[in-house]
Structure formats: C-alpha cells, structure tokens
Amino acid sequence: MSAIVGNTVLSAEVERGRWSGSKGPEAAAIAEASRTALVDRSHPSSELFRPRFVSNDHRRGRKVSAVIEAELNHCVSFDFSVAFVTESGLAPLLQTLRELEAKGIPGRVLTTDYLAFSEPRALRRLAKLSNIEVRMFVTEGQAHHQGFHTKGYLFHYENGTSRVLVGSANLTGSALAVNHEWNLHFTSLENGELFQEIQGEFENLWQKSLPIDDYLDAYRQIYEDKKRIVAQQTIVPYQQVALEPNSMQVQFIGNLLRSMEEGERRALLISATGTGKTYASAFAVRACKAPRMLFLAHREQVLKQSIESYRRVMGSTVAYGLLSGTAKETKADYLFATMQTMAKDSVLGEFDPDWFDVIVIDEVHRAGSSSYQKIMGHFSPRLFLGMTASPDRPDGFDIYKLFDNNIVHEIRLKQALEESLLCPFHYFGITDIEVDDRALDDVGTFSRLVCDERVGHIIEQVRYFGYSGVRVKGLMFCRTNKEACELSHKLNERGFRTVALSGADSQQTRERAIDRLTANEGDALYSDRLDYVLTVDIFNEGVDIPDVNQVILLRPTESPIVFVQQLGRGLRKSQDKEFVVVLDFIGNYANNYMIPLALSGDRSYNKDGIRKFVMEGDRTIPGASSVHFDAVSRQRVFESIDAAGVTMKLLQENYRTLRHKLGRIPRMVDFLDHGEIDPLLMVAKSKSYYRFLARYEKSFEGALTEDEQLVIEYFSRYIANGMRPHELLALQVLLDGRSVSKESLGRLLEYYAISLDDASYSSTVSLLNTSFVNAESERKAYGDFALVRFEGGQIVGDADLDIFLESDSFRAALQDVVDFGLRRFADRYAPWEGPFKRYEKYTRKDACRLLNWPQDNSSTMYGYRVKHGTCPIFVTYNKEDDISSSTQYEDAFIDQDTFSWMTRSRLTLDSPEVQRIIRSQEEGTDIHLFIKKSDGEGSDFYYMGKAAPVAWSQQTIFDDKGKELPIVNFRLHLEHSVRDDIYSYFVDGQPLSTAGVR
C-alpha cells in the first residue's frame, strides 16, 4: 500500500523510513516538505512539515503569537531564548501558559539583563508558574561586554521531532502581533544538524545563566535606575506639548469642512469609544473659527472633562462656561451645558436662535428625547455637530435623518484598532464558576452570584491575569446594584479597596470615586485609593477614565452595543498603561453568541462568521490586542451560536437601521458595503429579499406578480450566495439584452482567473433553465418557467424571462440579486480555488451544483455519493446519541493530515461503490471531504479539501437490535493539512495523535 503526502505517492520503502537511513515516516515527510519550501514550491508535500516564513499581518490571519500558542498547545516541552520579555508579550499567552501548568508541560525561558529592557514583573509572573524555569544571562558588569539578542522558540514532541521558530521576534506585545518581524518556522528530527546547533547553543547559554530568583532583585534595581534616568531625559513641560489631531480627527475635520462648503448645516460623527470624539470636535470648532459654541451633554461630569479637552486645544484664547444644576456661567464664548438645564424654558429663552455658531451634541444617540428636540428646534446655528459611538437606536428613532443623513466620518472599533487609536486589549473569556454543580445562567439567584466560592474565583482570575501599570485601576460590571454592593463588601473583606456605585449616587460621589480610582502615588487621595469600582451601567458611556487597566464583566452580555460600551471604558490610551485586560466570566447565557459579534465588529449575524471569529479571532484582530476563550467558555459560546435564532424582529430592526443611515430603501449590496446584517438571512426567512421588502415597504406591495416573485425567489435561493460567478455573469449579460455563448462567458470568467470547461458551462445552463431542480416541491414552484433556451449555440432569454424583463421592478430586483452575488463572490470566495474554498461552508445541494452535476441529488446523497467522477463525503463529527446505532460511525481525525472515515453500513470491500473509492485515483474520481461539528450547525458543512484513500479495512458495526453489520473503514489523506484553529474546533483541543504538528 502507498501513503499520500499532498498529491505525492510515496513508496512503501520511504513510508517505512528508509529515506537516507533515517527512521520513521517523519523523516520522509520533512524531506518532501523541505523540497517544496527550499527547492520547488510546486512540489506536493505535507504542509505540517514545511519550513515557512512567519510574520505579522492580521488581515491574512498571521501573527507570531498565534504560531507560538499553537505550538505550546501541542508540545511536550519547550525552550525559549529571548532578549526581551515584557508584560505586553506575556499577557496574550497567559491563558495558554496556565493550561500548560495544569498539564505539567515543562518549559525553560532564558532571557538577559542586556539593555535592562525586560520587565521584572513579567519575569516574576513567569517564574511563579510551577512548570517553568526562568534564567537570566547577565551582561551587566561583564568584562567581555557581549550583548545578548537571541530570539528563538523551541518546541519538543513525543516522537523525537522538534519545531523551531527563530528570527527577530522578542517576547513583547509589538513583536508578537504588530511589528514587521521575520522568522523561520521549521520541523527537525533530533539528529538534524541545524536543530542540534540551535539546541546546543541554548544549553550552553543556559548553563552560563543565573536562576531568576538569584538575580531578580539586583536586576530590578538596574531596571528602575535606567527607567528613572530615561524619564528624566525625556521630561517635557506640559505647556510645551503641542496637541495635534490623530488620523481619525484629521479625516473628520477635512470631511466636515468640505461638507460645510457644500452648504450642509448638520453633520454626524460616528466614532468608536476612546478614539477622541471630544478632541475631534474641539479641533473642528477651531477649524471653523467659531466665535461662540455650545457643547451639550447629559452629565456635568462629561462637561467638565470636555472643557479640559477644549482648553488643551484652544488654550486661553476663549472663555469657557459651565451651565448645569450647580453652575450658571452663561457669559462665555464656549458654553458647556447639560441637556436637562438647557431645555428649561427659563434658560432657553435667554439665548437667541442664532446666538451660537456651532452646537455640538455629545452622545447624540440620545437626541430622540423631547428635551433634545426642544433645544434643536430652538437654535439655528451655522452647524449642528452630533457625535456618538452607537447611533443605532432600538427605539426606532432615526438619528441619521435628524442630521440630514450627513455622516462626515465613521470609524468603528476594528478600524480604530488598526489605526492604533485605542489601547490594545487582551480579552479572556473565563468559565464562570459552578455553584452546587450548576453553572450560572441568565436567571442565576442572588445567593449564587455573591457566594464566597464565586468571590474567590473572581479574585483568583483578576490576580492571575493582572493589569498594565503600577497598580490595578479596574471597573467591574455586575448584573444588579444589589450584586455590586454585596460583591464590593466581600472584596473589601478580603483586602481589596472597592466601592459600588449606582444611578442613585450623586454626581459628587461618582467624581470622588473616579478620583480615588485614578489616584497615583503622591496624589492627595492616594491613601484613600480604590482598586475597583463596581457598577451596573452608569459608566457605559460618557465617562472618560483613561487610567482603567482592567475591565471585569460579571454579567450576561445584553447586546453587542452594551458590550462594546463597557469594553470601551478601558480602551482609552494613558501614559502608564500599555494594554488593558478584559475578563469576561461566561456562564450558560443565551446571549453568549453576542460576545464574538461585539469583539469582531461583525454586524452580519451570520453564524458561520461568528464561529469563524471564535476560532481565529486572535489571529485576525488588529494590532497587539488578543482574544482567548478557555475550553469550557468556548464551548458555551459555540452552543449559544447554534441555539441563536434569527427572528423577523431582529431582521426588521437591522434593516431599519440601514434604511435610516442611507435615507432610502437599501439594496442587498448595501448591507455588504456598510457591514450590516447578512441579507441572505432575509432570503432564508422570506425566500427572497424582495418578499422581505414587500412585507415592510408599502411601495413594494404588488410591484411584482406572483410568477415574477417566484423567479426572483429561485435565483435568490440558488445563486445569490455567490459561491461561483458563472450563473451570475450569464444573467448579467441577459439583463443587458445580449446572448451568452461559451466563449463570451469564458472571457468574462477570465477576469476572475477562472477557465470555463464544458461541464461548468452545461451546469450553468441547467441552473438557468431550472432543469437542475429535482425536489418535487421545487419543481412544482420553479420547473415550469421558460427562462433561457439555446439558439444558434448560445443562451438567450426564453419567453417568460423576456416578458418579466419588460417590468422595471422585476429587472431592478433581479439586478440586485446579481450585484449582491458577484460582490459576495469577490468578498468571500475569490481568488478562485476550484469549485470549493477550504473552510467555507456548503450544503449538499451546493455541492451538487458546484460539482457540475446535471441535477440536484442532495436528497439521496446522505453521507456521500460516488457520481459523475466525483465523491463528496459529508460527515457530522459529533453524532447525536439518539440516532440509529447502524449510522453512529466512528469518523474522526487521526491528525491534521489524515481522517478516518466509515462508509455506510452493509458494505464490504467487494461492494461496487467501495471499489470505486479504492480506485478513485486510478479512475480520476475526486473525493471532497465536508465536515460539520454537530447538527446544531444546520445543514452546511466546512469544506476540508480533496482527499485520497491510503488505507482501508473491513470492519463491523451493530444495529439497534445488536445485529452485526459489515462496514468499511477508510483512512483518507487530505491534500492540504487542516489549519490549527479548524482542527482544534473539531477535536475539542484533544492532543494530536501525531507529534510535530502545528
């Protein structure tokens, strides 16, 4: 028998390890992989063993930290030799390092005092882990003055292989996620020369180094002395610091001035929490040369902070005044007023309508209230500027219309992170504790929420994951004020300094609590400082506390908006804060699926997209931020995703949001352009986007006949998903009034680097003329339409389509489907890899069409079907307990290259379909493997790539009555190794059966 590595068949001699005298299959795999990487990139080999270049590029899902974490998750021991170790580099690894400690996986970390750059607190945190030994190579005071600048990570596996990452990346936040770093990642057997030299150098340096406990106190003094000297050299008087607008503010100001030149008098700034909206407004007011300005907010505390921001921009060139319940400083150029005070008739009457040149409204999503409407109705300034991070209102009020749909700039969380406008965050989804063997849920009782066991659990987590800065300055968000008060009391009993705040507390009490929380050594309130403020929601918005370095979420996620608001409390940059730690205690909450929605900024509500972020979000989130879920919390999130239902109410609310934003009825492609809800969810719910619109827009009622709606429904269900462009391009040509030949369609496909063969052309025709439809219900609905026909060797519109296209409404609806499908193909499936793209999801019906089957045979495909030179295999990885025993097949990954798969029962090695699979390579039959984790994911499966049988055996299975049935087991070798996060998703983080994998 032969083994497949990529598409290469290795001889039995090589499989047994006779390559160059080495032993084991790993030697052969490494040799083939090295040839691909170093000699001929087209040479097929196992991706697991290929030497590869590792750098940082979150847009391509690449981060050095992701490689290190993946290796740590599977190795049996590890050695690091890095010049610099910082808390920012350690923070994203804390979850993984804790899991390694629990498993007893030993590690050694070698660093140095060179340049006194490594942070003592980071070294201490490492050394506290019982499984890790830390040593320091001392250069300070050495006569040889030899620097130490190594950056190497070695991971060792059970089978004698090791994987090495060596290059330029230190153990710092920027190096692991942001900087342009060049590193080589390769696999070696223990006897490999390169590995021996690197490991030997590590052992040599290790022996010459001191245990960290023997040198840390001395090093800490060196580190502090250097820090003090550097600080003294870089001190700049506050008055000399020139405040300049950041990238967001520059773009906003330019857009605003152009808008005003075009005669616009209302403008909306949508900007993520922490990106500097208040400063942006100050720069804008300065650019407008406004002699008088009114700044409106709903809290006095916000106004006081805003005055300070304006003063930093404007200096003392204008007079500032505060108008609130406690101050009446109305004789000022720039007046900062609470909405409640300004809305009073006695106050509003003091000002002429045109008194202010510019009126700025902070947190303008509140402007639907009668008080704001009253104020805006009274004044007629040269500019109304509204600012908010979350303009979308669940109450249905149209904030966009209020500002003439003039959005002068919009920057959401993801873009703000990309542009380094926010402080990086390290999010950890932590399993909340079980009390009395029950996980906390949405209706958890008060006694369980505040029990001593949970308090201890919270303390353990906040201490382990830590914070950035000299001391913790944290916010804890609880579900009720009662819970906040009791938790605060119990935390104080255990030595913490905390206070609980609610809406009942006065403004003065809140301000003093913030001052205590942010107090530094030397401040008057330092002796009365706070570690944490506990609250429910009073700090969700409008409060600027840049010093916050830890955010603790102790409640179920209410909505993505609230989640981001509370996350945002820690995202403002501060001088002594390099990152913020976010700890989310996750119970069995129905809304857990909203967590990845909020973190990713994905508003599509597409379940596959949500799962994808949970699996790979740590690699794709911009900047030095990171996202981690422990095993149990990750599973709870996945279960919540599976259970989440998309209701018509949700679809309608999200539709209304985009309609308000655009000021018109959105087209399907508008949802993609603005990152809003996936309109295919509307198709799934209403059969077509047009039918959805007809339900909510009066102008759509009766615009199309029932037959026209059925045709739109047909194309919406079959081709709007954009899985391939063939039918969409052909329809576009027909919409333009032209015919389609194979040659003309082929030329259009060349734009997408796709070559058109006869089978794909025939498949396109069968879909367009509805002959592909096979299910009785669908044939009854769609099968009688005459949409296209062949004429002169070309596809032309048939009778029904010609008549339908005479309707402008029908033409617009079909054009919308075509535009959306082509855009979705470009966004999701390009570049073209063949009929399927790895790790995208497909149904059996999709597979029939994309494999160019002339008809939809999905209803009789079941687990697999050998037909038309192809064999798609569909596997549910975790079988339900209540299915028939005769179908509970033991399908599972052996490793990232190999899958063990069972045929249907009652088959033997001599069965015709089994023989066709065995001879698949000889006969040119392509085997395609599709897998979903559970039935909760629905009817679509992840595409894992092509596979080839490398071993097969006769086995047996028992039916429900205990009768023994024959079945055949195949070992399938995948053309491409399964990506780490996808593999872990299916195997639940279980150890790999083959070492030397990533």
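Predicted model: local features only at pLDDT ≥ 70, side-chain atom pairs only at ≥ 80, totals over all residues.
Trainee: How do I read the open sheet, and in what order do its strands run?

Mentor: Strands of a sheet pair through backbone hydrogen bonds, either parallel or antiparallel. Here eight strands form an open sheet with mixed pairing. The order is β3-β9-β8-β7-β4-β5-β6-β10. β3 (52–54) and β10 (210–211) stand at the edges. Each has a single partner strand, so one side of each is left without a neighbour in the sheet.

Trainee: In which sense do β5 and β6 pair?

Mentor: Parallel, over six bridges. β5 covers residues 107–112 and β6 covers 132–137. L110 stands opposite R135 in β6. Helix α6 (residues 120–128) lies across both strands. The helix runs at about 145° to β6.

Trainee: Where is D362 found, and which side chain of opposite charge is nearest to D362?

Mentor: D362 is in the loop between β15 (358–361) and α15 (370–378). This residue is buried but has no salt bridge. The nearest opposite charge is K277, 5.8 Å away; a salt bridge needs a distance within 4 Å. Beyond its sequence neighbours within four places, D362 contacts F295, L296, A297, V302, Y372 and M387.

Trainee: Which residues have the most contacts inside the largest nonpolar core?

Mentor: In soluble globular proteins, nonpolar side chains tend to be buried together. The largest core here has 188 residues. F425, F715, F893 and M944 have the most contacts inside this core. Helix α36 (residues 808–829) gives the most to the core, with nine residues. Apart from it lies another core, of 68 residues, including L129 and Y223.

How values were computed: Residues numbered from 1 in each chain as written. Heavy atoms only, no water. Pairing = 2+ DSSP bridges. Helix = DSSP H or I, 4+ residues; strand = E, 2+ residues; numbered from the N terminus. Contact = heavy atoms within 4.5 Å. Axes fitted to C-alpha atoms, helices over the stretch in contact; angles between N-to-C directions. Buried < 20%, exposed > 50% of the residue type's maximum accessible area, 1.4 Å probe, protein only. Lys, Arg positive; Asp, Glu negative; His and termini not counted. Core = buried A, V, L, I, M, F, W, Y, C linked by side-chain atoms within 4.5 Å.
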